[in-house]
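Student: I'm new to this one. Could you pick a single part, take me through it slowly, and then show me how the rest fits around that part?

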Amino acid sequence: MEDITQNKKIIMYGTSYCPMVAPVKGIFRRANADYDYIDITGDSEGKEIVRSINNGYESVPTIVFPDGSTLTEPSSRDVEKKLSALGYETEKPKPWDAFRENPFYTLLGIGGLLFGLFDDNVVFIMIGVGMLAFTLLMTYARK
């Protein structure tokens, strides 16, 4: 197993089906942070590293920083604070960043809205609009 403390880049371990991976990738993008992403789904060495960090659990996202510190399933605020401590400045998200960085909630909102419009069902329209508003709130409330 590789020595993860010798890397100069941030390493994020995740899976394609984890809803928190996209928001963290978005924060890294907005901070211009140099990072590597390892999908542990098909990477046995990555799985083993994640398990060793998380007491046997495959919890993702797990982030390893160049100083050797780690964050597991962090909030967006925790990621931004750590990046700030490392000297990165995260630019403020734009409205479309909220939807791109939270695809799970965005798709639920759009799906509810479209179903409500198709079925002429005001309850589903409100659920869809509410979910999309929640997506924006999740992005902007952490500032």
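Tutor: Let's start with a term. Helices (H or I, at least four residues) and strands (E, at least two) are DSSP runs, numbered from the N terminus. The expected span of a helix is 1.5 Å times one less than its number of residues. Before we use that, a word on the source: this is a predicted model, where local features need pLDDT of at least 70, side-chain atom pairs count only at pLDDT 80 or more, and totals for chains, interfaces and linings use all residues. Residues are numbered from 1 along each chain as its sequence is written, and side-chain values use heavy atoms, with hydrogens and water left out.

Our part is helix H6, residues 122-140. With 19 residues, H6 reaches 27 Å from its first C-alpha to its last, close to the 27 Å expected at 1.5 Å a residue. Look at where H6 starts: a side-chain oxygen of asparagine 121 comes to within 2.9 Å of the backbone nitrogen of valine 123.

Now, which residues of H6 are buried? Buried means under 20% relative accessible area, exposed over 50%, and partly exposed in between (1.4 Å probe, protein chains only). The buried ones in H6 are Gly128, Leu132, Thr135 and Thr139. They sit on the same side of H6, because they cover an arc of only 50° around the axis; that arc is taken from the directions from the helix axis to the C-beta atoms. Over on the other side of H6, Val122, Met126 and Leu137 are exposed. And what covers the buried residues? The cover includes helix H4 (95-101) and helix H5 (103-119), where contact means heavy atoms within 4.5 Å.

Let's step back to the chain around H6. There are six helices and four strands, and along the sequence they follow the pattern β-α-β-α-β-β-α-α-α-α. Buried residues make up 35% of the 143 residues. The C-alpha trace spans about 55 × 30 × 20 Å along its principal axes.

Zoom in on phenylalanine 28: leaving aside neighbours within four places in sequence, its contacts are Ile10, Met12, Ala33, Tyr35, Ile63, Val79 and Leu83.

Methods
Polar contact = N/O pair within 3.5 Å; in protein donor to acceptor, adjacent residues only side chain to side chain.
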